[in-house]
Amino acid sequence: MNSARPNILLLITDQQSWKMMGCAGNNYVKTPNLDRLAAGGVRFENCFCSDPVCIPSRTSLLTGRMPGEFGERGNYLENYHFSPDDLCNALGNLMKNAGYEALYGGKVHVNDALHPANTGYEYFCPDEREILAEACVEQLSAKHEKPFFMVGSFINPHDICYQAICAFPDDNNKWLIDKSPVEIANLTRYLREAEELEKSGRWKEVYPPLPDNFEIQQDEPPAINEHISLRPFKVNARKQWGELEWRRHRYIYCRLTEQVDREIGMVLDALDKNNLSGNTLVVFTADHGDHDSSHRLEHKTIFYREAYQVPFIMRWPGKIPAGIVDRNHVIINGLDVAATCCAVAGAVKSGKMHGRNVLELFDRNNTVSWRNDVYLENECGFAVAGKDYLYALYMDGEAANNEQLYDLVNDPGQTRNAASDPEQQKILNYCRERLVDCQTLFYGGRRREKEIGH
């Protein structure tokens, strides 16, 4: 194998918010394997996903582009469209063409055209849990004639989605319950564990407390209520769950995160055992987070930090400093992961890929000018996200409060809209123009000018 270029291992979890790691300061979840990965590399606190829901975020990760460029910003598989050029320039094909062995195992959840088997990868395992971890170990134990680019896409802590779905079954979600026996069984195991804690009265000591931003935002945009009204179980959880139910939700979310941490640990152990760690760039991230009881919400999609801010860790011994926490630079994983992998592999990326090579931040000989914020989108609207502010423009619902500005320094929980504050007008006007500039970059012209009101 050519050792001049490193192997690249991309580990993805599903629905893991950036706070859901011990190394991120969460005392209610134990993630020793992600913690040791962070101890050996750099953990970025300000990493955001392109779109905080499954299919669009994964589409972005597999292409290095915004999901809206393919005609969709939500979980509607049939609406995505890809040209032959789009597929040729998907990340798997770019890595394969650069001389890498492209391997993909685990959750896919994208339009069939973009399936890893169609875009340059050997799809080696459809399982999303421990069997996937075992399959990754087998791949890492095998002989490779080329450097490998391997994706391990794990499902958890996504099983937390089924807690509210099962608590409020109806004709709209019964089909989902019926087709998800593995997910339900996994969730049930932790529900029974929770029942025992509640019977003993220990839950008040063990369950994570409600977050500071538990209550509904005082001037919540109508688009949020309109969005969750499409899923009655979300409405019912918001209205009917009390402290016990929400804290139970948080407890099980922690346990599911610990489960996937154990699976990732198996993969990291295999790297060490096969003497691959020193020549492997490991990148860890998640497709999106979970609202985790903030604003009385579960699931994802809304432009609240719990959903759009995700973990991001990079480790490459000798090339990336160890044990560093970066709180200054803003990363967008859907664009930057692909750009970084292409740079490391020497792959020629498409001119439509606008991500940044994160490794530039570790080049001591290069003074890097880095972005202050990134553009995000979802099925409800668009956003500009920086480490100190979030500007969101919701396109659904009534006009009132659709334009939201959050001062994340003084209001990290996003409890009120600061768009009308006189001292915030400068950043508000900047974000308005920044949104237009980003949409011009990704979509050409100013075709969304009418939509965003400028």
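Author: Happy to. Bear in mind that this is a predicted model. Let's start with a pair of helices, α8 (residues 181-200) and α12 (residues 243-273), whose axes come within 10 Å and cross at roughly 130°. An angle over 145 degrees would count as roughly antiparallel and one of 65 to 115 as roughly perpendicular, and α8 and α12 are therefore oblique to each other. The crossing of α8 past α12 is right-handed. On the α8 side, the contact is made by Asn 186, Leu 187, Arg 189, Tyr 190, Leu 191, Glu 193, Ala 194, Leu 197 and Glu 198. Facing them from α12 are Leu 244, Arg 248, Tyr 251, Ile 252, Arg 255, Leu 256, Gln 259 and Arg 262.

Four strands make up an open sheet in the order β11-β12-β13-β14, and their pairing is antiparallel. At the edges sit β11 (373-378) and β14 (403-407), each of which pairs on one side only. From one strand to the next, the twist averages 15°.

β11 and β12 (residues 381-386) run antiparallel and are joined by 6 bridges. Within that pairing, Glu 377 has Phe 382 of β12 as its bridge partner. The two strands form a hairpin, with 2 residues between β11 and β12. A hairpin also links β12 to β13, again through 2 residues. Here the antiparallel pairing of β12 with β13 extends over 5 bridges, and Ala 385 finds its bridge partner in Leu 390 of β13.

Strand β12 deserves a look of its own. Gly 381, Ala 383 and Ala 385 point one way from β12, while Phe 382, Val 384 and Gly 386 point the other way. Residues on both sides are buried. With 6 of its 6 residues buried, β12 is largely enclosed by the rest of the structure, which is why you will find cover whichever way its side chains point.

Conventions: Residues numbered from 1 in each chain as written. Predicted model: local features only at pLDDT ≥ 70, side-chain atom pairs only at ≥ 80, totals over all residues. Heavy atoms only, no water. Axes fitted to C-alpha atoms, helices over the stretch in contact; angles between N-to-C directions. Parallel < 35°, antiparallel > 145°, perpendicular 65-115°, else oblique. Left-handed = near helix turned anticlockwise from the far one by under 90°. Contact = heavy atoms within 4.5 Å. Pairing = 2+ DSSP bridges. Buried < 20%, exposed > 50% of the residue type's maximum accessible area, 1.4 Å probe, protein only.
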